[in-house]
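Work through the exercises below with the structure in view, and try each task before reading its solution.

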Amino acid sequence: MTITPPDAQIAKHTISAACNGLSETIHLLLYFNGCNPSLQAEVLAHAPSSHFIFHKTNWPILSSSTPEILSQIGKAIESDIFYEFREGFYETCGEVWSRELRIMRNYAYVGLLDADCEILDKTLLAEMAHSLDRNKVAAVVSTSFAPTQYIYEPYSGEYCYLMERFQTWCCLYRSSALSLYSSFSYYEDRSGPVVKKYDHSSYLQHELKSKGYVGIALESKDCWRYLHYGQFAKNKSLHGYRLELYRLIRIGRHNGFAHVFSFRLLTKMLLRLSNLLYKVLGLQRFDAERMRYITLEEGARLGYWSENPGE
């Protein structure tokens with residue numbers, strides 16, 4: 001789990017939820033990405049005590065390269081294994097995943113869990129691992145699959161083909177497959193009349209498919225078992241009691257707390273109540289604000305430039 005400053009608060013909840021599914025064979029690595037020592041301590045203080053949780057930080061490395069990192073905010077950066085867009089004073093997910101997952105080759109399977117993806121059913125991770133056990137040609141198992149779509153992409157303001165991928169917010173990869181190709185970088189193909197965009201891990205999966213691997217996705221009926229809040233790495237204002245309220249109502253809207261209560265009538269009532277509260281309290285504004293890049297806000301917060309682009 002990669003944790004940046006904007007999603008550190010929601011991560012407290014997702015870490016607690018994930019711990020319910022940990023075991024001798026399933027471990028959780030918390031990668032603090034751009035989080036200063038005090039924020040790291042704050043998150044770890046809320047994490048359950050477990051022998052199966054480990055943590056790592058890039059703060060010393062980023063701090064020693066502060067001028068270089070600041071100069072990259074709002075720009076594309078690249079190396080031999082990734083091409084990314086620097087949004088803030090932290091590494092991009094492509095940088096982290098491409099490097100860190102290759103390090104963990106002693107595990108048969110390695111995975112990604114977004115800081116804003118809450119596992120509601122504690123058996124989920126074990127079942128995903130078992131699905132890779134059963135299917136030896138599967139390179140990845142994910143909570144969901146997104147087919148190729150022709151869409152208007154709001155970040156860039158253009159129409160494109162968003163290429164198919166097994167979603168990254170909760171997934172497991174076969175380590176031996178990643179030894180063949182391991183770049184999780186975003187990739188664009190502008191050779192045709194309409195740009196093809198391979199979101200993070202999409203091109204990696206494309207390459208693994210060409211090598212004979214396949215992917216597995218959970219069935220739609222299983223979506224109640226997890227909740228991906230969405231884009232919390234771009235969170236700007238959900239903190240404290242507002243986050244607590246937002247989280248409870250989002251879970252209620254998602255499954256009516258079916259993972260807690262087995263009485264179906266009660267879960268239906270909670271589902272309806274949560275939908276009503278979501279609209280009445282205008283909580284959709286928090287989802288909408290996470291649909292934009294936060295480059296300007298990050299640059300201003302760090303004193304790199306003004307929040308007004310013209311200044």
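A crossing is called left-handed if the near helix is turned anticlockwise from the far one by less than a right angle, and right-handed if clockwise. The model is a predicted one, in which local features need pLDDT of at least 70 and side-chain atom pairs count only at pLDDT 80 or more, while totals for chains, interfaces and linings use all residues. Residues are numbered from 1 along each chain as its sequence is written, and side-chain values use heavy atoms, with hydrogens and water left out.

**Exercise 1.** Describe how helix 9 and helix 10 pack, and state the hand of their crossing.

*Solution.* Start with the geometry: helix 9 (residues 240-255) and helix 10 (residues 264-280) have axes 7 Å apart, at an angle of about 130°. The pair is therefore oblique, since angles under 35 degrees count as roughly parallel, over 145 as roughly antiparallel, 65 to 115 as roughly perpendicular and the rest as oblique. Next comes the hand, and the crossing of these two helices is left-handed. Then look for contacts (heavy atoms within 4.5 Å): helix 9 brings residues including Ile249, Arg250 and His254, which meet a set in helix 10 that includes Leu270, Leu271 and Tyr278. Finally, sort the contact residues of helix 9 with helix 10 by class, which gives five nonpolar, six polar and two charged.

**Exercise 2.** Describe how helix 1 and helix 2 are arranged, and name the residues that make their contact.

*Solution.* The axes of helix 1 (residues 8-19) and helix 2 (residues 37-46) come within 9 Å and cross at roughly 30°. Helix 1 and helix 2 are therefore roughly parallel to each other, and helix 1 passes helix 2 in a right-handed crossing. In the contact, Ala8, Gln9, Lys12, Ile15 and Ser16 belong to helix 1, whereas Leu39, Glu42, Val43 and His46 belong to helix 2.

**Exercise 3.** Which residues line the largest cavity, and what is its volume?

*Solution.* A cavity is, on a 1 Å grid over the protein atoms alone, a set of points where a 1.4 Å probe fits but cannot get out, and lining residues have an atom within 4 Å of a point. The largest cavity has a volume of about 40 Å³. Its lining consists of Leu101, Arg102, Met104, Arg105, Ser175, Leu178 and Ser179, with helix 5 (93-103) and helix 7 (175-178) each supplying at least two of the lining residues. By class, this lining has three nonpolar, two polar and two charged residues.

Technical notes
Axes are lines fitted to C-alpha atoms, for helices over the stretch in contact, and angles run from 0 to 180 degrees between N-to-C directions. Helices (H or I, at least four residues) and strands (E, at least two) are DSSP runs, numbered from the N terminus. Ala, Val, Leu, Ile, Met, Phe, Trp, Tyr, Cys and Pro count as nonpolar, Asp, Glu, Lys and Arg as charged, and the others, Gly among them, as polar. On a 1 Å grid over the protein atoms alone, a cavity is a set of points where a 1.4 Å probe fits but cannot get out, and a pocket is an open set with protein on both sides within 12 Å along at least five of seven lines; lining residues have an atom within 4 Å of a point. Grid points are joined across faces, edges and corners, and a volume is the space filled by probe spheres set on the points.
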